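I would like to walk through one chain, and I will start with a question before I come to the overall picture.

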Amino acid sequence: MRSSNIYGMADFEPIAALEGVPHIWEAVFSPDGRTLAARTRKGSIELFDSTSGARLPVGTLGYGRGLTFSPDGNRLAISGSSGGISDL
């Protein structure tokens, strides 16, 4: 199965693979860099550990077209069909 990867900026080598998620259309890191929020090709929003690539056990947070973390990283705003603000 194909996967999406997180790459290091120093050497452009893969750091982690987001297993089972072949198509990421948008991704944002939390302010502390530990969490990656990703929007899949189908529009679902999911969270991943940015070091291991493991999917975090929060399930799908909704469906949308845009996402951003609050400055403190405790909230994720999702714009689009099921938009809203999720407390993390």
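This is a predicted model: local features need pLDDT of at least 70, side-chain atom pairs count only at pLDDT 80 or more; totals for chains, interfaces and linings use all residues.

Is R55 buried, exposed or partly exposed? R55 is partly exposed, its relative accessible area being 42%, where buried stands for under 20% relative accessible area, exposed for over 50%, and partly exposed for what lies in between, computed with a 1.4 Å probe and protein chains only.

Residues are numbered from 1 along each chain as its sequence is written, and side-chain values use heavy atoms, with hydrogens and water left out.

On confidence, the chain has an average pLDDT of 82, and 83% of the residues score at least 70; pLDDT is the predictor's confidence in each residue, from 0 to 100. Among the elements, strand 3 (residues 24–29) has the highest mean pLDDT, 89, whereas strand 9 (residues 84–87) has the lowest, 58.

As for the overall layout, the chain has nine strands and zero helices, both taken as DSSP runs numbered from the N terminus, with helices being H or I of at least four residues and strands being E of at least two. Of its 88 residues, 36% count as buried. The chain exposes about 5,400 Å², of which carbon and sulfur atoms supply 52%, the areas coming from the Shrake-Rupley method with a 1.4 Å probe and, for residues, only the protein chains shown counting as cover.

Strand 3 and strand 4 run antiparallel and are joined by five bridges, and two strands are said to pair if DSSP finds at least two bridges between them. These two strands form a hairpin with five residues between them, in which G33 takes a positive phi near 80°. Strand 4 then pairs with strand 5, again in the antiparallel sense and over five bridges; this second hairpin has three residues between its strands, and G43 in the turn has a positive phi of about 95°. Across that pairing, L36 stands opposite F48 in strand 5. Strand 5 is largely enclosed by the rest of the structure, because five of its six residues are buried.

The charged pairs come next. There are three salt bridges in the structure, each defined as a side-chain nitrogen of Lys or Arg within 4 Å of a carboxyl oxygen of Asp or Glu. R39 forms one with E26, with the closest N and O atoms 3.4 Å apart; since R39 lies in strand 4 (residues 35–40) and E26 in strand 3, the pair ties together parts that are 13 residues apart in sequence. E26 also has R39 as its bridge partner in strand 4. R39 counts as buried at 13% relative accessibility, whereas E26 is partly exposed at 22%. The residue I opened with, R55, forms a salt bridge with E46, the closest N and O atoms being 2.1 Å apart, and E46 is buried, with a relative accessible area of 9%. Another salt bridge joins the side chains of D32 and R34, at 3.2 Å from N to O, and R34 is exposed at 60%.

Which residues make up the largest nonpolar core? There are eight of them, V28, A37, I45, L47, L67, F69, L76 and I78, a nonpolar core being a set of buried Ala, Val, Leu, Ile, Met, Phe, Trp, Tyr and Cys residues joined through side-chain atoms within 4.5 Å. The elements that contribute two or more residues to this core are strand 5 (44–49), strand 7 (66–69) and strand 8 (75–79). Apart from it lies another core, of seven residues, including I6, A16, L18 and A38.

Not counting residues up to four places away in sequence, V28 touches T35, L36, A37, L67, T68 and F69, where contact means heavy atoms within 4.5 Å. T35, in strand 4, is buried at 18% relative accessible area, and, with neighbours within four places left aside, its contacts include V28, L47 and F69.
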